[in-house]
Amino acid sequence: FNTLINRRKLERKYMQKRMGLDFEIVRHHVAHASSAYRASGFRKANILVMDGSGEKYSTSLFVGDGEIEPVKDIPESNSMGILYTFISLILGLGRFGQGKTMGLAPYGTPRPEYVKMVEVLHHDYNVRMDHVRELSRHILYGGEPTKEHQDIAASLQEALERVAIEMVDCLHETSGYKDLCLAGGVVLNCSMNGVLLRTPMVDRVFVQPAASDAGTALGAAFQ
């Protein structure tokens, strides 16, 4: 995504229609962050954005205190949203089967050989695509979910929750705040949100109801 090129395209479009409008391009994850923070009612809050990708990032951390200040960005090569989608496809649950994968997870048991698809570091993480590719070669697509399918879903969910906890810990260490705003398609994972609410770094959680890209229009307007 090239902001300058897209701005020029928009300028040409408006000039052709002789609309004479001024406009401002808002970063994708800033729009997500704004949609959550400015609708939350929290004055001081940590903001976690997790989605498939936005520009060249997949996860972004911000602190809100009147203004929205960036803390950290994770590149789209480590996208938990894309990983969750890919594993859902491997499990035969479809391109939009992420909710089914989340629902399948409680029936399984996390297994070390599957959990290692995500390497969780101190305030960071890596999606290990070598392990994901290895996994994809051994799993049959479609059909009734097996115990192995359940265990893979459980392992993926555990990895996601560990990543989210690490990101929230980073935010809490940065700001000291305990109110948390969440946006981005990944935060439609209500199991993850419940885990975050039960951590000692969080007192209150606001999840943007339009957490996916639908909410970015609201966030851009707020911003």
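Predicted model: local features only at pLDDT ≥ 70, side-chain atom pairs only at ≥ 80, totals over all residues.

Author: We begin with pairing: two strands are said to pair if DSSP finds at least two bridges between them. Helices (H or I, at least four residues) and strands (E, at least two) are themselves DSSP runs, numbered from the N terminus. In this structure, S2 and S3 run antiparallel and are joined by 8 bridges. Within that pair, Leu 61 lies opposite Lys 72 in S3.

Reader: How many residues lie between S2 and S3 in their hairpin, and which residue in the turn has a positive phi?

Author: The hairpin of S2 and S3 has 1 residue between the strands, and Gly 66 in the turn has a positive phi of about 85°. A hairpin is also formed by S1 and S2, here with 2 residues between them; in that turn, Glu 55 has a positive phi of about 55°.

Reader: How is a whole sheet read, and what is the order of its strands?

Author: Strands of a sheet pair through backbone hydrogen bonds, either parallel or antiparallel. Here an open sheet of 5 strands shows mixed pairing and the order S3-S2-S1-S6-S7. Its edge strands are S3 and S7 (204-207), each of which pairs on one side only. Direction ignored, neighbouring strands of this sheet are turned by 20° against each other on average.

Reader: Which pairs run parallel, and which antiparallel?

Author: S1 and S2 run antiparallel, joined by 8 bridges; Gly 54 has Tyr 57 in S2 as its bridge partner. S1 and S6 run parallel, with 4 bridges between them, and Val 49 stands opposite Ala 183 in S6. Strand S6 (residues 179-183) also runs parallel to S7, again through 4 bridges. There, Leu 180 faces Val 205 in S7.

Reader: How is burial judged, and how many residues of S1 are buried?

Author: A residue is buried under 20% relative accessible area, exposed over 50%, and partly exposed in between (1.4 Å probe, protein chains only). In S1, 8 of the 11 residues are buried, so this strand is largely enclosed by the rest of the structure.

Reader: Is Ile 68 buried or exposed?

Author: Ile 68, which belongs to strand S3 (residues 67-75), is buried, with a relative accessible area of 12%. A contact means heavy atoms within 4.5 Å. Leaving aside residues up to four places away in sequence, Ile 68 touches Ala 33, Ser 34, Tyr 37, Arg 38, Ile 47, Phe 62, Val 63 and Gln 223. The C-alpha atoms of Ile 68 and Arg 38 are separated by 9.5 Å, although the two residues are 30 apart along the chain.

Reader: What does Leu 121 touch?

Author: Leu 121, in strand S4 (residues 118-121), counts as partly exposed at 32% relative accessibility. Not counting residues up to four places away in sequence, Leu 121 touches Asn 126 and Glu 166. Leu 121 and Glu 166 are 45 residues apart along the chain, and their C-alpha atoms are separated by 8.0 Å.

Reader: How is helix packing described, and at what angle do H3 and H7 cross?

Author: Axes are lines fitted to C-alpha atoms, for helices over the stretch in contact, and angles run from 0 to 180 degrees between N-to-C directions. Angles under 35 degrees count as roughly parallel, over 145 as roughly antiparallel, 65 to 115 as roughly perpendicular and the rest as oblique. The axes of helix H3 (residues 80-90) and helix H7 (residues 147-175) come within 11 Å and cross at roughly 175°, which means that H3 is roughly antiparallel to H7. The contact involves Met 80, Leu 83, Tyr 84 and Ile 87 of H3, together with Ile 152, Leu 156, Gln 157, Ala 159, Leu 160 and Val 163 of H7.

Reader: At what angle do H3 and H6 pack?

Author: H3 and helix H6 (residues 129-136) pack at an angle of about 15°, with their axes 10 Å apart, so H3 is roughly parallel to H6. Leu 83, Phe 86, Ile 87 and Ile 90 of H3 meet Val 132, Leu 135 and Ser 136 of H6.

Key
Residues numbered from 1 in each chain as written. Heavy atoms only, no water.
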